[in-house]
Amino acid sequence: MVEIREVKNRHDIKEFIEFPLRLYKNCPYFVPPLYSDEKKLLKSGGNSNDSSSVFFLAERDGNTVGRIHGIIQHQFNSIHKVSQVRFTRFDCVDDQEVASALISAVENWGTENNMTEICGPLGFSDLDREGLLVEGFSENSTFEEQYNFEYYGRLLEGAGLKKDVDWLEYELKKPENRNLMLKKVANRSLELNKLHLADTNLSKRKYINKYRDGFFDCIDECYRHLYGTVPISKEAQDELIGQFMLIINKKYVIFICDENDDVVALGLCFPAIGDAFKKSGGRLTPFALLRLLKIVKNPKVLDLGLVAVRPKYQNSGVNAVIVDTLLDVLEEGKILSCETNLNLETNTAVQSQWKYFSARQHKRRRSYIKKIGE
């Protein structure tokens, strides 16, 4: 018999965080999140002015066999006039009874709070890990996204959930023959639109502080209509900058600015740091820190975190500047490939940019949905 109980104490918190570490112990593709970030989230309860959370564990015969995190994103529901409960941090042994019990626990919590549908995996915002892997199980996960075993999709469908949207992911490498016209288009776009690349002759902290407001404003404007997104609060902005400050390299951050030095487009890349934390279970041990610093100093792979162009400039060739800059990075030979992370399958405009690379669509993720309380 499966018992579902809410996470209430320190032992539960530890079990919630460490269950997937045991489940994926021998999986070479799994990349854990930072242990300290997960602990901080669970200790706080995951509640804020914008959202409410609940965490559940599934047990059988005294052993943990699954976990799930339920979220009501009040801000998203208010903006989009929906009553939606999200689920994330879903991990489970290959057992339909366990999976259905976990989903039912979130559904019941949602119904108690007047929600009418459940969807996910989705986090608090678009910057959290999201989507269930449905293709690409023998590919390395990135630090920004979650790996899962192939049976997860079958279990969610067995619990009554159906596809809502898919995201595609691409591996980008240097093309055999570079399109030389692209650089001309990029330079001409900068000239005609009176734009320039942000000045990098600053310390990293001063650089980030100078352009952070423009960066987040650009992201909010460009992403507001995309699936599952919400505006990023000041508190969340500060937390994100704190988390990524160590791994940010100005060389791989592209800010395109207007005459007033306001950010109108951006391409944000990070060194692919997943390998630094595989052995430590997401803990920032001394050895993990050494591996991290080594990767940050000499990365071989870049993760494309965010790409955005304000609507005013989306048909003016500005995206060519971002793509051409990435091609320059690959041309140098130190970076072997880039990982795009998630592209909505309907976002053909973004996907069309990858034709300038040697591109391989190697992963697919899915968000599921189901009506509840009927």
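Two residues are in contact when heavy atoms of one lie within 4.5 Å of heavy atoms of the other. By that criterion, and leaving aside residues up to four places away in sequence, Ser-367 touches Gly-120, Leu-122, Lys-162, Lys-163, Asp-164, Val-165, Trp-167 and Tyr-227. The model is predicted, with local features needing pLDDT of at least 70 and side-chain atom pairs counting only at pLDDT 80 or more, while totals for chains, interfaces and linings use all residues. Residues are numbered from 1 along each chain as its sequence is written, and side-chain values use heavy atoms, with hydrogens and water left out. Helices (H or I, at least four residues) and strands (E, at least two) are DSSP runs, numbered from the N terminus.

- Ser-367 belongs to strand E14, which covers residues 358-371, and it counts as buried at 0% relative accessibility, where buried means under 20% relative accessible area, exposed over 50% and partly exposed in between, for a 1.4 Å probe and protein chains only.
- The side chain of Ser-367 makes a polar contact of 2.8 Å with the side chain of Tyr-227; a polar contact is a pair of N or O atoms within 3.5 Å, and within protein one must be able to donate a hydrogen and the other to accept it, while residues adjacent in sequence count only if both atoms are side-chain atoms.
- Although Ser-367 and Gly-228 are 139 residues apart in sequence, their C-alpha atoms are 9.8 Å apart in space.

**Helix H1**

- Helix H1 has 14 residues (10-23), which at 1.5 Å a residue should span 20 Å, and this agrees with the 20 Å between its end C-alpha atoms; the expected span is 1.5 Å times one less than the number of residues.
- Asn-9 caps the N-terminal end of H1, with a side-chain oxygen 3.1 Å from the backbone nitrogen of His-11.
- H1 has a kink of about 30 degrees at Ile-17, shortly before the proline Pro-20, and the bend at a residue is the angle between axes fitted to the seven residues ending there and the seven starting there.
- The buried residues of H1 include Asp-12, Phe-16 and Pro-20, and what covers the buried residues of this helix includes strand E1 (3-6), helix H2 (35-44) and strand E2 (51-60).
- Asp-12 is buried, with a relative accessible area of 3%, and, not counting residues up to four places away in sequence, Asp-12 touches Arg-5, Glu-6, Val-7 and Leu-57.

**Helix H7**

- Helix H7 (residues 204-223) has a kink of about 50 degrees, centred on Tyr-211.
- Tyr-211, Phe-215 and Cys-222 are among the buried residues of H7, and what covers the buried residues of H7 includes helix H8 (234-244), E9, E10 and E11.

- Strand E10 (residues 263-271) is mostly covered, since nine of its nine residues are buried.
- Strand E9 (residues 253-257) pairs with E10 in the antiparallel sense over five bridges, where two strands pair if DSSP finds at least two bridges between them, and Val-253 has Leu-268 in E10 as its bridge partner.
- E9 and E10 form a hairpin with five residues between them, and Asp-261 in the turn has a positive phi of about 65 degrees.
- E10 also pairs in the antiparallel sense with strand E11 (residues 301-309), over seven bridges, and the bridge partner of Pro-271 in E11 is Leu-302.

**Nonpolar cores**

- The largest nonpolar core has 48 residues, of which Phe-87 and Phe-90 touch the most other members; such a core is a set of buried Ala, Val, Leu, Ile, Met, Phe, Trp, Tyr and Cys residues joined through side-chain atoms within 4.5 Å.
- The largest share of this core, seven residues, comes from H4.
- Apart from this core lies another, of 36 residues, among them Cys-222, Tyr-223, Ala-288 and Leu-292.

**Backbone exceptions**

- Most residues other than glycine have a negative phi, and most peptide bonds are trans.
- The peptide bond from Gly-120 to Pro-121 is cis, with omega near 5 degrees, and Pro-121 is placed in the loop between strand E5 (117-120) and strand E6 (132-135).
- Arg-89, found in strand E4, has a positive phi near 50 degrees.
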